[in-house]
Amino acid sequence: MGILSWIGGIVGFMAFGPLGALAGFVFGYLMEGSNTQTTYTNGGAFSNEDFDDGNINTGQRNSFLFSLLVLSAHIIQADGKIMHSEMEFVRSFLRQNFGSAAEQQGNDILLRLFELRKQQDRESPYKWRDTIRQCCQQIASNTTRSERLQLLNLLVLIAQVDGTTPTSEVNALYEVAQMIGLSSSDVDSMLNLGRVDEPDSPSALEAAYKVLGVSPDASDAEVKAAYRKMALEHHPDRVGKLGEDVRKAAEKKFQEINAAKEIIYKARGL
């Protein structure tokens, strides 16, 4: 599946603004030497006519996926290293859902973004961060809270893929979360999701409370209210328009939230 298929149909929010400019920069590079003739507008960004398939859900989905790649590039480099395991997580996600061509193209997009960061770092130590801040503002203005939570969840999984999460990457996750209109407690919740897979482990109950974002001293009513809120915000149906692959990732997260609830309910005899 070619790049015009898996991330084409650019009618979503990435068509303009800082994300559109990055898309023009990256896709223009990838299409060099191809038979595809592409016209860019808006200072390098795509116009709504470029690869327009007329499907607004496709546009939103592709905007989500490109946003994921841009923010992945930021998280992967947060510790000053580009880890093979983190790159492979992104490649595997693309390969499993879009095929080997998309895997290679996604890898090329990340490499191009890494090059852009080096270029911007040479110009100013703050320029790349400002680029990410502007992209995050665009994401926050054009996505629902549930979509942003799923985006953050995928970024957390990338950071955790080695089994340990460097402080620099955790801090980058906090920063990105704030810039897209989420909170540090949202990050803490997702960092603890994987720890509830073993409900009998000593740390599972502590992790379960962090997943729901409540204190062990919270009342039963507060725990139930926190679970209902999370179940509503993280329900897979809320990201269904982003595609089956994103929905499946949301389903796994939803199951872990339910597992956290069950651990707490069992401990409290609810």
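Is Asp186 buried or exposed? Asp186 is buried, because its relative accessible area is 12%; buried means under 20% relative accessible area, exposed over 50% and partly exposed in between, with a 1.4 Å probe and protein chains only. This is a predicted model, in which local features need pLDDT of at least 70 and side-chain atom pairs count only at pLDDT 80 or more, while totals for chains, interfaces and linings use all residues. Residues are numbered from 1 along each chain as its sequence is written, and side-chain values use heavy atoms, with hydrogens and water left out.

**Asp186 and its surroundings**

- Asp186 is placed in helix H9 (residues 184-191); helices (H or I, at least four residues) are DSSP runs numbered from the N terminus.
- The side chains of Asp186 and Arg145 form a polar contact of 3.2 Å, a term for a pair of N or O atoms within 3.5 Å; within protein, one must be able to donate a hydrogen and the other to accept it, and residues adjacent in sequence count only if both atoms are side-chain atoms.
- The backbone nitrogen of Ser183 is reached by the Asp186 side chain at 3.0 Å.
- Residues up to four places away in sequence aside, Asp186 touches Arg145, Leu149 and Leu152, where contact means heavy atoms within 4.5 Å.
- Asp186 and Gly213 are 27 residues apart along the chain, and their C-alpha atoms are separated by 7.9 Å.

**Glu233 and its surroundings**

- Glu233 lies in helix H11 (residues 220-233) and counts as buried because its relative accessibility is 16%.
- A polar contact of 2.8 Å links the side chain of Glu233 to that of Arg145.
- Beyond neighbours within four places in sequence, Glu233 is in contact with Arg145, Ser146, Leu149 and Arg238.

**Helices H10 and H11**

- The axes of helix H10 (residues 204-212) and H11 come within 9 Å and cross at roughly 60°.
- In this contact, Tyr209, Val211 and Leu212 of H10 meet Val223, Ala226, Tyr227 and Met230 of H11.
- The contact residues of H10 and H11 comprise seven nonpolar, no polar and no charged.

**Nonpolar core**

- The largest nonpolar core has 76 residues; such a core is a set of buried Ala, Val, Leu, Ile, Met, Phe, Trp, Tyr and Cys residues joined through side-chain atoms within 4.5 Å.
- Helix H3 (residues 56-76) gives the most to this core, with 10 residues.
- Phe66, Leu173 and Leu212 have the most contacts inside the core.

Methods
Helix = DSSP H or I, 4+ residues; strand = E, 2+ residues; numbered from the N terminus. Axes fitted to C-alpha atoms, helices over the stretch in contact; angles between N-to-C directions. Nonpolar A, V, L, I, M, F, W, Y, C, P; charged D, E, K, R; others polar.
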